[in-house]
Amino acid sequence: MVDELYMRRCLELAEIGLDNVSPNPMVGCVIVADGKIIGEGYHRQYGTAHAEVNAINDVFQKHGDLGHELLKKATVYVSLEPCAHFGKTPPCADLLVKHQVKEVIIGNTDPFPVVNGQGIEKLRSAGIKVSHGMLAAEGRALNKRFFTRVEKQRPYIILKWAQTANGYFTPLINQKKWISNALSKKLVHKWRAEEDALLVGKKTVMTDNPELNTREWPGSNPVRIVIDKQLEIPETSHVYNDQVKTIFLNEVKTDVIGNNHFVQMEDMTFYLPQKIAFQLYLMDIQSVIIEGGANILNQFISAGLWDEARIIKSSTNWQEGVTAPQINGFLEDIITLDTDTLFIHQNRS
């Protein structure tokens, strides 16, 4: 039970890095000696020191030169297997070996091919006691984006839409008409801050002229991805405003103009979800929210290319409209949002 408490603390620390570490995983580390936490840390930002480095630095900041002796009798709890290769930072497994820690308890092994099992092997070869699998299910859920990208070679895909109580998605005529309430809108902006990118189709942009940012929530704006086969969206639209990196998937050209990136794709009529998923994987985009329209959402649903669906149902009814997408998945949660209700589905197929 004590080990689980320390590992839960690792997961709490790891989650702080949610908005900043992609495409790296979120990792937390807690170092314990004589029954007390002597240092802790987490991966703060992509390209910077990993959780183990920050935790060891914390030991020395708190205990000075005594840190060397404390580490030699310490148990290190870390939510993901310490890396064993040189990337943007040196191997964390080597750092733990250098400080001759007594034991390392790991949550998840790292599925990344240049790490998987090798960090554990380095530690054991140095005589360090190692165990793994502590709260592995919780750790995997926390890093669902990372595990999906590494294991499936595609981003974690979230489908999101709002619909009326009687199942309508948009008006029959092309006009902007809100379905969800203010609280739901704020929550959507929070979601955007947590993911790498969000994707919409041409019709959504032409009808709503959305900004696709996080103005209702403090956080980083995601990369905007727009499907526009023939580049028909007017350059006066908000998606062209240069404030956020915007990727236009099209059949016309490949170019970079300011913050607008044009990526030419072949034959976007067939297997479009699969092509988009692979293209985003190549771009190191670890997660994406697909916000519409109905056509692109239905294409991803038909292809089975989704991990999570977040459906906001309003209490209002419309007399007519475009029918909302239909989804089959495991209903994980139902949350009340004032006059709206959020349904969260998981794809377990």
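Q: What makes a set of residues a nonpolar core?
A: A nonpolar core is a set of buried Ala, Val, Leu, Ile, Met, Phe, Trp, Tyr and Cys residues joined through side-chain atoms within 4.5 Å. Buried means under 20% relative accessible area, exposed means over 50%, and partly exposed lies in between (1.4 Å probe, protein chains only).

Q: What kind of model is this, and how are residues numbered?
A: This is a predicted model, where local features need pLDDT of at least 70, side-chain atom pairs count only at pLDDT 80 or more, and totals for chains, interfaces and linings use all residues. Residues are numbered from 1 along each chain as its sequence is written, and side-chain values use heavy atoms, with hydrogens and water left out.

Q: Which residues touch the most other members of the largest nonpolar core?
A: They are Ile157, Leu159, Trp161, Ile225 and Ile276. This core has 32 residues.

Q: Which elements give two or more residues to this core?
A: The strands are E6 (156–163), E8 (197–201), E9 (223–227), E10 (246–250), E13 (287–292) and E14 (308–313). The helices are H10 (272–282) and H11 (294–303). H11 gives the most, with five residues. These names come from DSSP runs numbered from the N terminus: helices are H or I with at least four residues, strands E with at least two.

Q: What is Leu159 in contact with, leaving aside its neighbours within four places in sequence?
A: Its partners include Ile290, Leu297, Phe300, Ile301 and Trp306. Glu308, Ala309, Arg310 and Ile327 are also among them. Contact means heavy atoms within 4.5 Å.

Q: Which residues does the second, separate core include?
A: Ala33, Ala74, Leu95 and Ile120 are among its 28 residues.

Q: Why does Gln100 count as partly exposed?
A: Its relative accessibility is 47%, so Gln100 counts as partly exposed. Gln100 sits in the loop between helix H4 (92–98) and strand E4 (103–108). Its phi is positive, near 55 degrees, in a residue other than glycine.

Q: Where is Leu231, and what is its phi?
A: Leu231 is in the loop between E9 and E10. Its phi is positive, about 55 degrees, although Leu231 is not a glycine.

Q: Which residues of helix H7 are buried?
A: In H7 (residues 144–152), they are Arg145, Phe146, Phe147, Thr148, Arg149 and Val150. Gln153 follows H7 and has a positive phi, near 55 degrees.

Q: Is the peptide bond from Ser22 to Pro23 cis or trans?
A: The bond is cis, with omega near 10 degrees. Pro23 lies in the loop between helix H1 (2–15) and strand E1 (28–33).
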